[in-house]
Amino acid sequence: LMSSILVLCDGLALDGAVATVAWKQAIGLSEFQQVHVVSDGFSKARLDQAAESSESLTLECLKRPRFRFLRRFGHLTSELVWIYLLVSYTGRYLEALDGRSQVKNVRPVVVICHSHPVAAFVARWFGKRVRVVMISHGDIFHRPAGTYDPGVSWLYRRTTGPAHLNASLNVALSPSMRTRIIGHGVSTTTIALIPNGIDPRDIGLEKKPLTPLSHWRSSPLRILYIGRLEMVKGVDVLIKAAAHLKAKNICFSLDLIGGSSRVSGLMLEKSIQENNLTDLVRVVGSVNRNVLAAHYLAAHVVVVPSRDDPLPTVVLEAMACGRPVVGTDTGGLRFLINHGHTGLLVPVNDVLGLAEALIHLNQRRDLLEAMGDAALSRVAEFSWQSNVNSLRQEFERFSHC
């Protein structure tokens with residue numbers, strides 16, 4: 001379809017949501033054409049997978065400096081240097097392609113970016129030599145103040161609009177993300193709605209789960225939260241809702257799985273203690289992704305109280321395990337959760353609404369079971385094969401431009 005595909009994404013040494021998307025797409029696309037992935041590191045599992053795949057997938061590791069000695073100025077400096085390294089590498093990559101071709105610039109190279117600043121600089125620097133694909137995992141404009149470092153926030157505010165406007169293709173993970181991209185003045189002809197997929201094996205689920213009736217009828221109500229333990233994810237709202245459940249004498253337990261910054265972790269522990277929830281709420285911390293299925297299967301319901309989330313992977317994972325989700329009516333949550341069928345939607349920041357939704361499900365265990373079955377059916381619509389096929393269809397359109 002195109003001369004080659006260049007994927008630029010940091011964090012591939014970890015199991016973050018963005019890194020997972022970048023890797024799954026690279027693996028899938030490499031089955032059809034040459035894909036070259038550039039990151040600041042690769043996990044052993046990904047290196048092993050790349051070694052076992054076809055020769056059409058190649059990797060390049062660039063060391064990303066952190067500048068910790070600059071303290072609060074280090075984040076922005078690291079981001080700018082990283083962008084410079086990626087732009088420089090892209091230039092060398094294009095020169096190498098030209099050196100292997102008798103005719104230069106016959107076909108543009110697809111550059112898939114998962115960062116707005118990277119996409120903006122690559123599109124501006126190389127112009128028509130590349131076709132930038134912006135995979136939009138969210139934006140800075142809909143996150144609570146203080147979510148990110150101020151310097152990095154400034155950079156994203158300056159580059160998000162140009163990244164979308166100069167991209168040949170903007171991939172929106174959900175209808176709400178599509179609306180946000182249009183808000184930057186982007187033509188709808190350059191936007192494609194392509195939601196992420198889910199591979200149950202990644203979370204340790206080898207076969208379709210069969211949940212016995214006794215599970216749904218058991219007590220206490222087992223509530224599960226998986227995600228970063230940060231303000232943007234609404235964990236503080238969930239703790240307050242749990243306090244309301246306790247005040248109503250609801251028999252429940254709550255597991256919190258995920259990492260946090262030192263400050264957020266201390267605030268969370270303080271909130272749990274102040275609300276007298278130490279005997280009901282367990283902070284598990286970070287766990288390997290390949291054991292998450294066991295936690296999902298042990299739960300009755302998964303809660304996603306995010307203040308903003310374009311397409312939370314945790315919802316797909318929960319549905320793959322046949323578990324209903326109570327989530328906030330925002331972003332990709334309203335796209336994934338069929339209210340009253342696969343889960344329940346509650347307003348953002350609504351402590352009482354979240355608590356009442358959980359109380360309702362505790363009283364209607366038959367509804368929990370029905371929602372779990374419906375969630376399991378719904379998740380079949382989201383696969384990485386479908387995601388990659390949709391991308392290839394969009395790339396095919398490039399070849400006719």
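Which residue lies over the face of F335? That is R378, at 5.7 Å from the ring centre. A charge counts as over a ring if NZ of Lys or CZ of Arg is within 6 Å of the ring centre and within 35 degrees of the ring normal. R392 likewise lies over the face of F32, at 3.7 Å from the ring centre.

Some conventions. This is a predicted model, with local features needing pLDDT of at least 70 and side-chain atom pairs counting only at pLDDT 80 or more, while totals for chains, interfaces and linings use all residues. Residues are numbered from 1 along each chain as its sequence is written, and side-chain values use heavy atoms, with hydrogens and water left out.

Now the aromatic pairs. Rings of Phe, Tyr and Trp (its six-membered ring) pair if their centres lie within 6.5 Å; planes under 30 degrees apart are stacked, over 60 edge-to-face, and the rest tilted. The count by this rule is 3. One of them is F335 with F382, edge-to-face, at 6.1 Å centre to centre and 85 degrees between the planes. F335 is in helix 12 (333-336) and F382 in the loop between helix 14 (365-378) and helix 15 (384-398), so the pair ties together parts 47 residues apart in sequence. Helices here are DSSP runs of H or I with at least four residues, and strands are E runs of at least two, numbered from the N terminus.

Buried means under 20% relative accessible area, exposed over 50%, and partly exposed in between, with a 1.4 Å probe and protein chains only. F382 is buried at 5%, whereas F335 is partly exposed at 24%.

Next, the cores. A nonpolar core is a set of buried Ala, Val, Leu, Ile, Met, Phe, Trp, Tyr and Cys residues joined through side-chain atoms within 4.5 Å. The largest has 54 residues, and I112, V133, Y296, V315 and F395 have the most contacts inside it. Helix 11 (313-320) gives the most to this core, with 6 residues. A separate core of 35 residues includes L229 and M371.

Last, helix 15. Its buried residues are W384, N387, V388, L391, E394, F395 and F398.
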